[in-house]
Amino acid sequence: MKVGVIGCGTMGSGIAQVASTANCDVVVYDLSADALAKSKLALAKVMARLIEKGRVTEQQSQAIQDRITYSSELNLMQGADFVIEAIVENLEIKHKVFTALEAIVSEDCIIASNTSSLSITSLAACLQKPERFVGVHFFNPAPLMKLVEIIPAVQTEATILDQAKATIDSWGKTTVTVKDTPGFIVNKVARPFYSEAIKMLEEGTADFATIDWAMKEIGGFRMGPFQLMDFIGHDVNYVVTETVFKAFYYDGRYKPSFTQKRLSEAGYLGRKSGRGFYKYAEGAENIEPTKDPLLGEYIVSRIVAMLINEAADTLHVNIATAKDIDLAMQNGVNYPKGLLAWADEKGIQCCVTVMDELFDEYREERYRCSPILRKMAKNSTIFF
Ligand SMILES: NC(=O)c1ccc[n+]([C@@H]2O[C@H](COP(=O)([O-])OP(=O)(O)OC[C@H]3O[C@@H](n4cnc5c(N)ncnc54)[C@H](O)[C@@H]3O)[C@@H](O)[C@H]2O)c1
């Protein structure tokens, strides 16, 4: 199979590696000669590390690199079966590239975008044959993260969706199918992990080190919300929240926080700038968590109930199946359990009670309990 990758920054480089490792012939195109050179060099370094760790042989490493052609000529996409675009997040620029691409590739080439925030339907709309277009949302780093969200546009033909899914499955990824909605599954359902943690910090319920401690030690999450936001970068994390908030017509459930906006404005972007909520300079002192078990239980129960509510509401409006929602959160952001399975375990009524108590206290939209949870509690049903 011949795969085209357009744009070889962070994501395109990773996707090219994944496709080549799966024995595809890959053509990588980028406007910037510098980006092409960097991508090639970065792959050589990754492969050297994989050889050191004994994950690939010298021969396999060479073959993976040899199967990739780097070019600043879009024409080399001729004969491609599947092209994935991973360029700058801008609708007009992406439209220009797709229009040029469609004049080069054959009628039955599948064209896909790795966009995080643009509607797949709006991207497909520029094509002569929009039914061949699909969203394939990889996570960073693409070679390591198992999950790929597959998003049909309104125009996508069912057979194209099936083919795209089968191809990415054959690359060893875990795919889930998602309706074309802002944030898809992961970037929508994960919002409360950050926003509810920040809300508790702002109100003085607990400091960030304590919230992180509770989510890790009691909740079983790999990273606490503040550690994770520092890792992602506050500029990036804030923009995702703001984009989802706007795209859902300013639904109060997704309201961004001033606290994170200010960190971003200050240039305290997290690990990458040496300071976020935590300080990362050598020898820097950070606050110690208050390891109060009761407070910890309260923090976890509140954030997990908010996450479950968001996951349940995602099912309620048929964005994805219950199985795919749980798979997505476990493979896309490494949650310790699927959220809907967790709801079954905690008891649906218990989740409704936490949400209703929060709503009574705040009278804010963000705490509105999903109708599906209320209905399930009434009928004593469970997700799985
Ligand atoms: N970075 C992430 O964590 C992440 C995760 C999932 C999806 N995405 C999505 O993937 C896409 C790429 O993101 P990224 O982080 O890899 O970006 P990036 O800035 O690292 O790389 C973008 C590359 O596209 C090239 N480019 C820009 N305009 C071009 C054009 N007109 N023609 C050809 N090449 C062009 C640039 O030279 C650059 O090398 C975006 O749509 C983004 O929303 C990003």
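What covers the buried residues of helix 14?

## Helix 14 and its cover

This is a predicted model, in which local features need pLDDT of at least 70, side-chain atom pairs count only at pLDDT 80 or more, and totals for chains, interfaces and linings use all residues. Residues are numbered from 1 along each chain as its sequence is written.

The cover of the buried residues of helix 14 includes strand 7 (147-152), strand 8, helix 7 (186-189), helix 13 (293-316) and helix 15 (339-346). Contact here means that the C-beta atoms of two residues, placed from the backbone, lie within 7 Å. Helices (H or I, at least four residues) and strands (E, at least two) are DSSP runs, numbered from the N terminus.

Helix 14 spans residues 322-332, and its buried residues are Asp324, Ile325, Asp326, Ala328, Met329, Asn331 and Gly332. A residue is buried if 20 or more other C-beta atoms lie within 10 Å of its own, exposed if 12 or fewer, and partly exposed in between, with C-beta atoms placed from the backbone.

Eight strands form an open sheet in the order 3-2-1-4-5-6-7-8, with mixed pairing. Strand 3 and strand 8 (174-177) are at the edges with a single partner strand each, so one side of each has no neighbour in the sheet. Two strands pair if DSSP finds at least two bridges between them. Strands of a sheet pair through backbone hydrogen bonds, either parallel or antiparallel.

## Strand 2 and its partners

Four of the five residues of strand 2 (residues 25-29) are buried, so the strand is largely enclosed by the rest of the structure. Strand 1 (residues 2-6) pairs with strand 2 in the parallel sense over five bridges. Lysine 2 has aspartate 25 in strand 2 as its bridge partner, and isoleucine 6 stands opposite tyrosine 29.

Strand 2 is also joined to strand 3 (residues 68-71) by four bridges, and the two run parallel. Here valine 26 stands opposite isoleucine 68.

## Around the ligand

There are 22 residues around the ligand, and Gly7, Gly9, Met11, Ala35 and Asn140 come nearest. A residue is near a molecule or strand if its C-beta atom, placed from the backbone, lies within 6 Å of it. Helix 1 and helix 4 (91-102) are the elements that give two or more residues to this shell. Helix 1 gives the most, with three residues.
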